[in-house]
Amino acid sequence: MKLAGASHSLTLRVTAVFVLIVALLSAGLGLHLYRSFVAEIERRDDILLLGKLRQIQQLLGNAGTLDIIRERPQYFRDTMSGQENSLVRIVRDDGTRLIDVNPHGETLPLPTPVAVDAPVDSEAIHGWTSRDGFPARVVAASARIGQPAQMADITIARVYGDRSAMFAAYRWQIVISVAVSALVAAILASAMLLRGLRPLRAIAAHAALVRPGKLEQQLEARGAPTELLPLIYALNAMLARLQEGYARLSQFSADLAHEFRTPVTNLLGQSQVMLARPRSSGEYEQLVSSNVEELERLSRMIDSMLFLARAQQEEMVLVKQALPVQDEFLRLADFFEGLAEERALALACHGSGVVEAEPQLLRRALGNLLSNAIRHAAPGSTIVLRSQATTQGVELSVSNLGPAIPARHLPHLFERFYRADPARSDSAASTGLGLAIVTAIMQLHGGSAGVASDAAATTFSLQFPLA
């Protein structure tokens with residue numbers, strides 16, 4: 001059965017690749033050295049063969065050489081051959097063989113002899129294969145014998161059986177060297193990887209300790225390899241985001257329980273008080289009306305939570321349209337006109353232009369800002385809806401006069417259930433999620449929401465990117 005862990009082991013794969021590289025490089029280097037060695041040995045053997053030929057030519061040119069050949073032929077044979085596998089044949093022009101050293105009866109090829117006065121070089125050497133399958137080399141040249149000079153053909157050959165054995169032994173040494181190099185490389189690579197992957201094992205051990213509520217521990221970057229620093233920084237950033245998200249989720253859960261508990265407590269308390277003793281139909285009607293208000297608030301809160309949950313899903317697709325800002329402002333002002341008149345507020349719309357947005361989401365974001373401004377604006381003041389082009393895109397803003405919001409609250413206004421001052425919030429009408437919904441809508445559009453507040457006015461702005 002194949003082990004899945006072994007097939008996907010980084011150590012084994014890197015070791016195998018490293019061993020393969022070392023083996024290929026060692027084999028390539030060994031092949032190069034082997035070819036260079038063979039070429040050099042063959043070159044030197046050819047030089048020795050040519051040297052033997054020149055030596056014989058010089059000896060044959062001396063006076064009395066023929067007499068030595070006739071009187072002591074065996075001595076001349078030993079002197080001329082010099083080695084066991086050397087072959088020497090000297091034939092006069094009339095066909096008489098003066099010397100024929102061929103202990104194994106090799107069939108010599110008959111190359112064309114080089115003329116007497118012509119230079120003899122390696123190009124005159126020919127190769128063939130001996131009867132035993134060994135490589136052999138032969139060279140032939142003409143020479144003058146004795147005084148008066150007679151012409152003869154000299155054939156010098158050599159069978160390189162010993163050289164072939166040496167080359168075979170050298171090849172085996174290369175194979176053994178490559179195998180040993182691969183083995184040593186495997187051992188060193190495994191040791192190197194086991195040591196080099198130690199920081200990764202430390203990261204894995206640290207990741208195994210991560211639990212909800214224990215996200216504050218950061219990976220130690222000091223002493224870690226440079227290649228792992230981006231991973232360590234990324235994991236630390238991820239842990240920080242997880243810690244922040246977990247803290248927000250815990251706070252959100254607590255806030256959600258608190259927000260749900262208030263209307264449920266009201267419903268339960270009012271109902272228990274009403275049922276404590278007999279009541280008139282008018283009192284029951286008042287109880288039902290109060291309960292409906294609380295249930296409507298719960299319904300709005302649930303709808304808002306569902307919207308925020310859907311807005312956080314990446315697969316949510318927007319169908320954007322080019323919307324004239326002035327038309328959207330006028331539509332919104334007409335819808336909120338009655339609510340503004342109840343508080344003696346006026347609505348003013350300024351600016352023009354076009355914004356790329358999903359119509360319903362744009363109207364919901366602007367509606368949340370405008371309803372928030374109506375709740376907190378000073379009576380008798382004017383709420384201004386304004387649009388203006390910026391270098392980043394189009395900015396829509398809603399401004400109202402009223403008490404300034406302390407600066408410490410501004411960064412948290414768009415958080416869920418956050419209220420800068422509970423005394424200013426109409427808990428019956430507000431769910432505490434309006435500005436969080438505005439932020440979610442702007443994130444879906446690739447834009448952002450902001451707020452600025454001072455003694456003059458409080459302004460909430462929506463920054464839409466360029467189309």
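This is a predicted model: local features need pLDDT of at least 70, side-chain atom pairs count only at pLDDT 80 or more; totals for chains, interfaces and linings use all residues.
In strand S10 (393-400), serine 399 is the bridge partner of valine 384. Strands here, like helices, are DSSP runs numbered from the N terminus (at least two residues of type E for a strand, at least four of type H or I for a helix). S10 and S9 pair up in the antiparallel sense over six bridges, where pairing calls for at least two bridges found by DSSP between two strands. With three residues between them, S9 and S10 make a hairpin. S9 also has a parallel partner, strand S7 (residues 346-350), joined over five bridges.

Residues are numbered from 1 along each chain as its sequence is written, and side-chain values use heavy atoms, with hydrogens and water left out.

Next come the cores. In soluble globular proteins, nonpolar side chains tend to be buried together. A nonpolar core is a set of buried Ala, Val, Leu, Ile, Met, Phe, Trp, Tyr and Cys residues joined through side-chain atoms within 4.5 Å. Buried stands for under 20% relative accessible area, exposed for over 50%, and partly exposed for what lies in between (1.4 Å probe, protein chains only). The largest nonpolar core holds 37 residues, and Leu362, Leu370, Ile383, Leu396, Leu462 and Phe464 touch the most other members. Elements giving two or more residues to this core include helix H9 (325-335), strand S8 (354-357), S9 (382-389) and strand S12 (458-465). Helix H11 gives the most, eight residues. Leucine 370 touches Leu332, Phe336, Leu347, Ile383, Leu385 and Val398, leaving aside residues up to four places away in sequence; a contact means heavy atoms within 4.5 Å. Apart from this core lies another, with 23 residues, among them Leu60, Ile125, Ile154 and Ile156.

Just after H12, glycine 446 takes a positive phi of about 75°.

Strand S5 (residues 150-159) is largely enclosed by the rest of the structure, because seven of its 10 residues are buried. S5 pairs antiparallel with strand S1 (residues 86-92) over seven bridges, and valine 91 has aspartate 153 as its partner in S5. Strand S4 (residues 135-145) runs antiparallel to S5 too, with 10 bridges joining the two. Here alanine 136 stands opposite valine 159.

Then there are the helices. Threonine 15 sits in helix H2 (residues 10-61) and is buried, at a relative accessible area of 9%. Not counting residues up to four places away in sequence, threonine 15 touches Ala186, Ala189, Ser190 and Leu193. Leucine 188, by contrast, lies in helix H5 (residues 161-196) and counts as exposed, with 53% relative accessibility.

Zooming out, the protein has 12 helices and 12 strands. Buried residues make up 36% of its 467 residues. Of the contacts between residues at least 6 apart in sequence, 66% join residues at least 24 apart.
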